[in-house]
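Colleague: I am new to reading models of this kind. Please take me through this one.

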Amino acid sequence: MSLITTLFPLGWLHYLAGGLLIGCAVALLFALTGRVGGMSTVFSSSWSWLIKTPYFLQARYTDSRGWRLVYAGGLMLGAALWWVLVDGGTPQSTRVSAWQLLLGGLLVGYGARLGNGCTSGHGICGLGSLQWPSLLAVLTFMVTAFLSANTLGRWLP
Amino acid sequence: MSAHTNGFQQVLATLVCGALFGFGLALSTMIQPEVVLQFLRFENYGLMLVMGGAVLVTVVAYKGLPRLTTTPLLGGQFQQHASQWNRDTAIGAAIFGLGWGLCGVCPGPAIAALGAGNWDLVYALVGIAVGALLQGVTTRG
């Protein structure tokens with residue numbers, strides 16, 4: 001039992017339950033609509049409404065920008081339901097500093113779009129369709145994430 | 001032509017699936033950057049259960065459903081998003097990881113956190129949106 005508390009100091013069931021729910025969401029979206037529900041594409045496809053360059057006006061963005069925004073809206077809705085129904089609406093915050101969130105986010109957005117996928121796109125959908133390029137992408141971002149979390153993220157305030 | 005069949009039902013289904021995803025992210029505390037950073041610092045392996053559980057269900061659906069039926073329940077067709085291993089994927093994934101390790105936030109949680117009242121993560125959301133913009137304007141279409 002001490003091994004379990006060492007590996008999962010904050011419990012383990014809610015991680016597994018949450019992961020299974022996320023899997024069910026991706027599976028159900030595929031079963032009902034045939035869509036592959038990664039999350040990072042919405043950050044490019046939504047710009048296509050404002051930025052009329054050939055890159056953003058690619059069919060893969062303009063054809064999917066509507067449903068991707070609805071999907072993102074659903075993401076907020078589901079999280080709001082958890083907040084109200086499960087958490088009781090307690091105030092949420094993070095100790096991670098604003099500049100870290102902003103700079104980290106900038107690299108996350110740029111990298112995910114250059115690499116065509118994030119933790120859900122390559123991680124869940126890519127691995128879920130057993131594609132080896134996604135496995136390589138996951139291993140790559142895991143290694144660099146371990147490195148930056150244990151260097152930059154620790155050294156800087 | 002199938003794109004417009006069952007239009008309203010497709011919108012509703014997409015919203016509900018998004019909500020299920022967001023509920024799962026919130027329940028598994030992935031919208032708390034601290035928990036993600038604990039994983040990346042080898043202090044809490046919960047994220048492995050989240051990814052493992054999600055991938056397990058997804059494999060079954062992606063591999064199994066097209067054998068059971070030729071079309072999705074609300075029309076259209078089963079899409080395939082082929083990943084490629086090339087220079088952009090390698091460099092992009094490496095940069096993504098650097099940022100993820102720095103802030104503990106990835107695209108899904110950045111969106112979901114706003115619904116769950118963790119408004120500090122709006123900084124990450126803005127960063128991701130600007131990062132995606134920079135990637136798009138510096139790439140030739």
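Colleague: How many residues of chain A are in contact with chain B?

Modeller: Two residues are in contact if their C-beta atoms, placed from the backbone, lie within 7 Å. By that rule, 111 residues of chain A are in contact with 104 residues of chain B. This is a predicted model, in which local features need pLDDT of at least 70 and side-chain atom pairs count only at pLDDT 80 or more, while totals for chains, interfaces and linings use all residues. Residues are numbered from 1 along each chain as its sequence is written, and chains are lettered from A and ligands numbered from 1 in the order in which they are written.

Colleague: Which elements of chain A give two or more residues to the side that touches chain B?

Modeller: Helices (H or I, at least four residues) and strands (E, at least two) are DSSP runs, numbered from the N terminus. The elements in question are α2 (13-33), α3 (42-45), α5 (65-86), α6 (98-114), α7 (119-128), α8 and α9 (152-155) of chain A. With 20 residues, α2(A) gives the most to this side.

Colleague: What classes of residue make up the side of chain A that touches chain B?

Modeller: Ala, Val, Leu, Ile, Met, Phe, Trp, Tyr, Cys and Pro count as nonpolar, Asp, Glu, Lys and Arg as charged, and the others, Gly among them, as polar. The side of chain A that touches chain B has 69 nonpolar, 39 polar and 3 charged residues.

Colleague: How many helices and strands does chain A have?

Modeller: Chain A has 9 helices and 0 strands. Its C-alpha atoms fill a box of roughly 55 × 40 × 35 Å along the principal axes. A residue is buried if 20 or more other C-beta atoms lie within 10 Å of its own, exposed if 12 or fewer, and partly exposed in between, with C-beta atoms placed from the backbone. Of the 157 residues of chain A, 56% count as buried. Of the contacts in chain A with a separation of 6 or more, 45% come from residues 24 or more positions apart.

Colleague: How are two packed helices described?

Modeller: By the angle between their axes and the distance between the axes. Axes are lines fitted to C-alpha atoms, for helices over the stretch in contact, and angles run from 0 to 180 degrees between N-to-C directions. Here helix α2 of chain A and helix α3 (residues 46-68) of chain B have axes that come within 7 Å and cross at roughly 25 degrees. Therefore α2(A) and α3(B) are roughly parallel to each other (under 35 degrees; over 145 is roughly antiparallel, 65 to 115 roughly perpendicular and the rest oblique). Their contact has 19 nonpolar, 7 polar and no charged residues.

Colleague: At what angle do α8(A) and α4(B) pack?

Modeller: Helix α8 (residues 132-150) of chain A and helix α4 (residues 87-103) of chain B pack at about 35 degrees, with their axes 7 Å apart. The residues in this contact include F141(A) and F146(A) of α8(A), and F96(B) and W100(B) of α4(B). By class, it has 16 nonpolar, 6 polar and no charged residues.

Colleague: How many residues of α5(B) are buried?

Modeller: Helix α5 (residues 107-115) of chain B has 9 of its 9 residues buried. What covers them includes α3, α5, α6 and α7 of chain A, together with α1 (7-27) and α6 (122-137) of chain B. Just after α5(B), G117(B) takes a positive phi of about 80 degrees.

Colleague: Is V108(A) buried or exposed?

Modeller: V108(A) lies in helix α6 of chain A and is buried, with 35 other C-beta atoms within 10 Å. Leaving aside neighbours within four places in sequence, V108(A) is in contact with residues including F96(B), W100(B), P107(B) and I128(B).

Colleague: Where is confidence lowest in chain A?

Modeller: pLDDT is the predictor's confidence in each residue, from 0 to 100. In chain A, the mean is 95, and 97% of the residues reach 70 or more. Confidence is lowest in α9(A), at a mean of 72, and highest in α5(A), at 98.
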